[in-house]
Amino acid sequence: MKLRRQLLRALGYCAAVGFCIVLLVFVVGVTWIGFDVKTQCQQAQSEYGGDCVEALLGVVQDEHRGFRVRNYAIWALGQLGDGRAQPVLADMYTGVIPPREPLDKGISQYELRKAVDLTGGGTNILALFWRHGVGAAQ
């Protein structure tokens, strides 16, 4: 009986520690995403002006920019989920996603598909935790 209680207590501690680790990873991940989106917005706004969405659309449409930069801007627009970006992103989406897509060789159809979904009303649960600090009006 005493051994069983000790085992249950040890399992309880392990479960609590495991939960704390998962929670920490979640918080760090969500914070990192929010920070990356905010950084993308600030860089785009310094070059293209306007609010975050307008500036990121400027990056995406600038054919003189490298594909990797444009793909990161597409990702950031998807994370923001602003419907103003949806028509531009939808026009770029071909619907053909190759099995392997290097981010610096062309516009990523995979990222475009995700961004089109998110800007068209798709749900991004993680954005609820960071979106208040980054927005279209910033």
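This is a predicted model: local features need pLDDT of at least 70, side-chain atom pairs count only at pLDDT 80 or more; totals for chains, interfaces and linings use all residues.
The packing of helix H1 is considered first. Helix H1 spans residues 2-48 and helix H3 residues 67-80; the two pack with their axes 10 Å apart, at an angle of about 120°. This angle makes H1 oblique to H3. The crossing by which H1 passes H3 is left-handed. On the H1 side, the contact is formed by Ile 33, Asp 36, Val 37, Gln 40 and Cys 41, and on the H3 side by Tyr 72, Ala 73, Trp 75, Ala 76, Gln 79 and Leu 80. Sorted by class, the residues of the contact of H1 with H3 comprise eight nonpolar, two polar and one charged.

Helix H1 also packs against helix H2. The axes of H1 and H2 cross at roughly 75° and come within 8 Å. At this angle H1 is roughly perpendicular to H2. H1 contributes Gln 40, Cys 41, Ala 44, Gln 45 and Tyr 48 to the contact, while H2 contributes Cys 52, Ala 55, Leu 56, Gly 58 and Val 59. The contact of H1 with H2 contains seven nonpolar and three polar residues, and no charged ones.

Another residue of helix H1 is Cys 14. Cys 14 has a relative accessibility of 55% and therefore counts as exposed, the threshold for that class being over 50%. The C-alpha atom of Cys 14 is separated by 38 Å from that of Tyr 72, a residue 58 positions away along the chain.

Helix H2, comprising residues 52-61, is mostly covered, with eight of its ten residues buried. The buried residues are Cys 52, Val 53, Ala 55, Leu 56, Leu 57, Gly 58, Val 59 and Val 60. These buried residues of H2 pack against H1, H3 and H4. At the start of H2, a side-chain oxygen of Asp 51 reaches to within 3.1 Å of the backbone nitrogen of Val 53. Asp 51 is located in the loop between H1 and H2. With a relative accessibility of 17%, Asp 51 counts as buried, because this value is under 20%. The side chain of Asp 51 also makes a polar contact with the side chain of Arg 84, at 2.8 Å.

Helix H3 has a further packing partner in helix H5. The axes of H3 and H5 cross at roughly 25° and come within 7 Å. H3 and H5 are therefore roughly parallel to each other, and their crossing is left-handed. The contact involves Ile 74, Trp 75, Leu 77, Gly 78 and Gln 79 of H3, together with Glu 111, Leu 112, Ala 115, Leu 118 and Thr 119 of H5. By class, six residues of the contact of H3 with H5 are nonpolar, three are polar and one is charged.

Helix H5 covers residues 109-119 and includes Gln 109. Gln 109 has a relative accessible area of 8% and is buried. A polar atom of the Gln 109 side chain lies 3.4 Å from the backbone oxygen of Met 92. A distance of 2.6 Å separates the backbone nitrogen of Thr 94 from a polar atom of the Gln 109 side chain. When neighbours within four places in sequence are set aside, the residues in contact with Gln 109 are Met 92, Tyr 93, Thr 94, Gly 95, Val 96, Ile 97 and Glu 101.

Among these contacts of Gln 109 is Gly 95, which is found in the loop between helix H4 (86-92) and H5. Gly 95 has a relative accessible area of 42% and is partly exposed, whereas Gln 109 is buried. The C-alpha atoms of Gly 95 and Gln 79 are separated by 20 Å, with the two residues lying 16 residues apart along the chain.

Terms used. Residues are numbered from 1 along each chain as its sequence is written. Side-chain values use heavy atoms; hydrogens and water are left out. Axes are lines fitted to C-alpha atoms, for helices over the stretch in contact, and angles run from 0 to 180 degrees between N-to-C directions. Helices (H or I, at least four residues) and strands (E, at least two) are DSSP runs, numbered from the N terminus. Angles under 35 degrees count as roughly parallel, over 145 as roughly antiparallel, 65 to 115 as roughly perpendicular and the rest as oblique. A crossing is left-handed if the near helix is turned anticlockwise from the far one by less than a right angle, and right-handed if clockwise. Contact means heavy atoms within 4.5 Å. Ala, Val, Leu, Ile, Met, Phe, Trp, Tyr, Cys and Pro count as nonpolar, Asp, Glu, Lys and Arg as charged, and the others, Gly among them, as polar. Buried means under 20% relative accessible area, exposed over 50%, partly exposed in between (1.4 Å probe, protein chains only). A polar contact is a pair of N or O atoms within 3.5 Å; within protein, one must be able to donate a hydrogen and the other to accept it, and residues adjacent in sequence count only if both atoms are side-chain atoms.
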